[in-house]
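I opened my notebook and picked one residue to begin with. The rest of the fold gets its turn after that.

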Amino acid sequence: MALGTGEIDYCVKLRTFKGEPMSGDGGLVAIDDGRLLAALIDVAGHGKSAAELARKVEEFILLHSKAGLLELVNLLHQQFRGSRGFVGSFCTIDLKTGTLKNVSVGNIRMVVLGDRTKRFISQEGIIGYTIPLLQERVFEMRQSDVLVIYTDGIKEFFEFDSKFSIAKASSHDIATNLIEQFGKSIDDSGCIVIKSFKWRK
Ligand SMILES: [Mn+2]
């Protein structure tokens, strides 16, 4: 899924564990009324039942896409309590101001790349099993920032080839590169890349 609106360029990319037909990682981006919501999840395990849960979680997030992040993650925790559980990173971006908010639980990564690097820290926990008192982080995005959210199916510390310019590349090319170069074949891998912020200030 890739979209360039002139204001925002994003891509959600999932690759399945070798031999499995469906991914236990899940992801989506929804834009409504100047607010972008991005969610990336990684269901425990892999295979059919993990994939089925991932699709249910995606549907639930879409149904509640207007909720605040703290509310959304608490709702997810209640709704999927007793399931095999999942980790997730959830962001909203105000497309007018560039203000990013993030709640991340469990083993999932988020980093801002470009002219500067900022790595976000995830809180410990598994949604549907046990979550801590959730904290929402706030970060002001700049136009040169490239936001990358990725599951543990992608190498934690990756470095693109020096010939590959993330400033010039589309979100789709960055996501493809990330998964093809740094994705692990022994796990589902998923990422969301968001760039080209042109704040309507
Ligand atoms: Mn994983």
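Buried or exposed: which is Asp9? I looked it up in this predicted model, and Asp9 has 21 other C-beta atoms within 10 Å. The cut-off for buried is 20 or more, so Asp9 counts as buried. Asp9 sits in strand β2, which covers residues 9-15. I also checked Asp9 against Ser170: they are 161 residues apart along the chain, yet their C-alpha atoms are separated by 7.3 Å.

Next, the overall layout. I noted three helices and 11 strands. Going along the sequence, I wrote down the pattern β-β-β-β-α-α-β-β-β-β-β-β-α-β. The radius of gyration is 16 Å, close to the 17 Å from the globule rule for 201 residues, so the protein is as compact as a globular protein of that length. Along the principal axes, the C-alpha atoms fill a box of roughly 45 × 35 × 25 Å. I also looked at contacts with a separation of 6 or more: 67% of them join residues 24 or more positions apart.

The mean pLDDT is 92, and 95% of the residues reach 70 or more. Among the elements, helix α2 (residues 69-79) has the highest mean, 98, while strand β1 (residues 2-4) has the lowest, 38. Residues 1-6 are below 50, and beyond near neighbours in sequence I found seven contacts for that stretch in the model.

On to the open sheet. Which order do its five strands take? I wrote β3-β4-β5-β6-β9, with antiparallel pairing. The edges are β3 (25-32) and β9 (137-140), each of which pairs on one side only. On average, neighbouring strands here are turned by 15° against each other, ignoring direction. I zoomed in on β5 (residues 86-94) and β6 (residues 99-105), which pair in the antiparallel sense over six bridges. Gly88 has Val105 in β6 as its bridge partner.

Helix α2 lies across β5 and β6, at about 25° to β6.

Strand β7 got its own entry. Why is strand β7 (residues 108-113) largely enclosed by the rest of the structure? Because five of its six residues are buried. β7 pairs in the antiparallel sense with strand β10 (residues 146-151) over six bridges, and Arg109 has Tyr150 in β10 as its bridge partner. β7 also pairs with strand β8 (residues 118-120), again antiparallel, over three bridges. There, Val111 stands opposite Arg119. The β7 and β8 hairpin has four residues between the strands, and Gly114 takes a positive phi near 130°.

Last stop was the core. Of the 201 residues, 39% count as buried. The largest nonpolar core has 47 residues, and those touching the most other members are Ala38, Ile41, Val148, Ile149, Cys191, Ile192 and Val193. As a reminder to myself: in soluble globular proteins, nonpolar side chains tend to be buried together. I followed up Cys191, leaving aside neighbours within four places in sequence: its contacts include Lys13, Val148, Ile149, Tyr150 and Ala175.

Methods
Residues are numbered from 1 along each chain as its sequence is written. This is a predicted model: local features need pLDDT of at least 70, side-chain atom pairs count only at pLDDT 80 or more; totals for chains, interfaces and linings use all residues. Helices (H or I, at least four residues) and strands (E, at least two) are DSSP runs, numbered from the N terminus. The radius of gyration is taken over C-alpha atoms; the globule rule is 2.2 Å times the number of residues to the power 0.38. A residue is buried if 20 or more other C-beta atoms lie within 10 Å of its own, exposed if 12 or fewer, and partly exposed in between; C-beta atoms are placed from the backbone. Two residues are in contact if their C-beta atoms, placed from the backbone, lie within 7 Å. A nonpolar core is a set of buried Ala, Val, Leu, Ile, Met, Phe, Trp, Tyr and Cys residues joined through C-beta atoms within 7 Å. pLDDT is the predictor's confidence in each residue, from 0 to 100. Two strands pair if DSSP finds at least two bridges between them. Axes are lines fitted to C-alpha atoms, for helices over the stretch in contact, and angles run from 0 to 180 degrees between N-to-C directions.
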